[in-house]
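Subject: Structure for you to look over

Hi,

Here is the structure for your set. Please open it first; my notes follow below.

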Amino acid sequence: LTGIVMCAGGIGLLTGKRWAKGVYFAGLGMLLYALVNSPGYYIGKPGSWLVLTTFAVSGVFTLVFGVLGLTLREEGGAK
């Protein structure tokens, strides 16, 4: 469901739909929730450092794109 919402938000942003920004942020929120929740399943398992590193890096990118989405001006796109 997270992937579907994120794809819909991205396509909406690329095509300039009015609803796209809200869907974009909903998708980022869903992803951030998954990135906070999922590492609990892997902590303590041997050899899980790569998975946990992937979650951490993905979380940083999610936050960066969230901040960029809030701060960048819209140039003829969705409003």
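A residue counts as buried under 20% relative accessible area, as exposed over 50%, and as partly exposed in between. Phenylalanine 65 has 43% relative accessibility, so it is partly exposed. Phenylalanine 61, at 49%, is also partly exposed. Please note that this is a predicted model.

Both phenylalanines sit in helix H4, 4 residues apart, or about one turn of the helix.

On to the aromatic pairs. The count comes to 3. In one of them, the ring centres of tyrosine 24 and phenylalanine 25 are 5.2 Å apart. Their planes meet at 70°, over the 60 degrees needed, so this pair is edge-to-face. Phenylalanine 61 and phenylalanine 65 form a stacked pair, with 6.5 Å centre to centre and 25° between the planes. Phenylalanine 25 is partly exposed, at 27% relative accessibility.

Next, helix H2. Its 18 residues should span 26 Å at 1.5 Å a residue, and the end C-alpha atoms are 26 Å apart, which agrees. Ala20, Gly27, Leu28 and Leu35 are its buried residues. They cover an arc of only 100° around the axis, so they lie on the same side of H2. Tyr33 and Val36 are exposed on the other side. The cover over the buried residues includes helices H1 (2–15), H3 (39–42) and H4 (49–71).

Last, valine 23, which lies in H2. At 24% relative accessibility, valine 23 is partly exposed. Leaving aside residues up to four places away in sequence, valine 23 touches Val5, Ala8 and Gly9. Glycine 12 is 11 residues from valine 23 in sequence and 8.3 Å away, C-alpha to C-alpha.

Best wishes

Technical notes. Residues are numbered from 1 along each chain as its sequence is written. This is a predicted model: local features need pLDDT of at least 70, side-chain atom pairs count only at pLDDT 80 or more; totals for chains, interfaces and linings use all residues. Side-chain values use heavy atoms; hydrogens and water are left out. Helices (H or I, at least four residues) and strands (E, at least two) are DSSP runs, numbered from the N terminus. Buried means under 20% relative accessible area, exposed over 50%, partly exposed in between (1.4 Å probe, protein chains only). Contact means heavy atoms within 4.5 Å. The expected span of a helix is 1.5 Å times one less than its number of residues. The arc is that of the directions from the helix axis to the C-beta atoms. Rings of Phe, Tyr and Trp (its six-membered ring) pair if their centres lie within 6.5 Å; planes under 30 degrees apart count as stacked, over 60 as edge-to-face and the rest as tilted.
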